[in-house]
Amino acid sequence: MRKPNDYDAAADLLNLIMSEPTTGKRLEEEDNKIPPGQLDYNAEGKLTGWDHPKWVAEDDQGQVIAYAHAWRAPWTEPGELMLNLVVHPKKRGTGVGGAIYDEVRRWSADVKASRIIIYMKDNDPASLAFAERRGYVQERHTFESVLELGNFEGNKLLDAIPDARRTGIEFVTLADEPGEANERKLHELYQTTHLDIPGFSGSFPWFEEWKKWSIDQPGVRPEWIHIAKDGERYVGVVTLQQNEQTQAMYHEFTGVLREYRGRHLALALKLLAIQTAIGCRVPYLRTHNDSMNGPMLRINRDLLGFRAEPGSYKMVLEFRG
């Protein structure tokens with residue numbers, strides 16, 4: 001991939017498969033936040049470290065018609081690589097996808113990866129067949145949901161907020177409690193609660209990297225990070241991220257410590273987030289849930305009224321030898 005020339009074309013292709021659009025500028029900014037690749041191997045010989053190579057395919061007129069991005073971070077499970085691959089719809093079935101995939105596969109073998117992970121839309125049978133022909137198998141299913149805020153009718157649920165306060169829980173935003181000490185408390189909460197997400201693997205980013213890829217992300221503001229406190233302890237969090245193109249918000253993360261679950265804190269936090277989004281005149285909220293995360297799915301769809309959208313399959317290729 002030629003940088004920065006191909007960023008806009010890569011964004012155009014990604015927007016064919018992504019739920020929310022991105023831009024070439026956004027892709028370039030993300031690349032600039034990542035240091036040059038530095039792959040390594042652990043004591044078991046499994047791939048560690050980080051890298052993020054990108055490939056494009058062009059037609060005879062020099063137009064980008066396919067894009068692939070392989071990456072891993074230091075906290076990714078040893079041996080694993082993540083892969084995004086998209087081919088322009090008019091060029092599918094011409095061999096372009098197979099050709100660019102073969103380039104990625106050769107690179108993956110060269111760096112001695114032991115598995116590749118791709119997320120694919122569950123309503124795209126042609127892409128799923130493409131992956132299955134190459135040995136990928138489905139490991140997990142993630143559901144996507146959307147809440148149209150103009151039609152939100154959750155007033156009867158709002159008692160969850162004062163009910164939680166009566167038990168001694170206080171609700172604040174990160175804007176109310178700025179500073180590194182509180183950001184580190186939030187990082188600890190994120191880390192602890194991420195371990196309970198179905199399908200979570202690998203380790204968790206250290207503070208500086210977590211901050212870079214979460215609360216310092218474009219579209220995230222301190223006043224859009226709602227925190228539940230018990231005394232000085234952070235026990236629950238909801239984070240919103242806004243897409244500048246659609247003005248919609250992504251319900252990026254909800255986490256509550258185990259010992260505080262069953263007290264409707266997640267529901268209260270989500271309601272605070274919905275109130276924030278409505279106050280910002282946001283058209284809709286979007287979120288994802290693992291199919292095994294029954295409690296969160298019930299809150300989103302049964303209580304709050306999120307509408308089911310096409311989800312994604314986690315497709316995995318295990319290398320043999």
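Predicted model: local features only at pLDDT ≥ 70, side-chain atom pairs only at ≥ 80, totals over all residues.
**Notes on helix packing and nonpolar cores**

1. Helix 8 and helix 9 (residues 294-303) pack with their axes 10 Å apart, at an angle of about 50 degrees. The crossing of helix 8 past helix 9 is right-handed.

2. If you want to look at that contact in your viewer, helix 8 brings Ala 266, Leu 267 and Lys 270, and helix 9 answers with Met 296, Ile 299, Asn 300 and Leu 303. By class, these residues are 5 nonpolar, 1 polar and 1 charged.

3. Now to the largest nonpolar core, which has 49 residues. Phe 171, Leu 186, Leu 285 and Leu 304 are the ones that touch the most other members. Helix 8 (residues 265-279) is the top contributor, giving 10 residues. Another core, of 28 residues, lies apart from this one and includes Leu 47, Ala 70, Val 87 and Met 315.

4. Phe 171 deserves a look of its own. Leaving out residues up to four places away in sequence, Phe 171 touches Ile 161, Ala 164, Arg 165, Ile 227, Ala 228, Leu 265, Ala 268, Leu 269 and Leu 272.

5. Finally, helix 1 (residues 7-14) and helix 2 (residues 24-32) cross at roughly 110 degrees, their axes coming within 7 Å. Helix 1 is therefore roughly perpendicular to helix 2. Tyr 7, Asp 8, Ala 10, Ala 11 and Leu 14 of helix 1 meet Gly 24, Lys 25, Leu 27, Glu 28 and Asp 31 of helix 2. This contact has 5 nonpolar, 1 polar and 4 charged residues.

Methods: Residues numbered from 1 in each chain as written. Heavy atoms only, no water. Core = buried A, V, L, I, M, F, W, Y, C linked by side-chain atoms within 4.5 Å. Buried < 20%, exposed > 50% of the residue type's maximum accessible area, 1.4 Å probe, protein only. Helix = DSSP H or I, 4+ residues; strand = E, 2+ residues; numbered from the N terminus. Contact = heavy atoms within 4.5 Å. Axes fitted to C-alpha atoms, helices over the stretch in contact; angles between N-to-C directions. Left-handed = near helix turned anticlockwise from the far one by under 90°. Nonpolar A, V, L, I, M, F, W, Y, C, P; charged D, E, K, R; others polar. Parallel < 35°, antiparallel > 145°, perpendicular 65-115°, else oblique.
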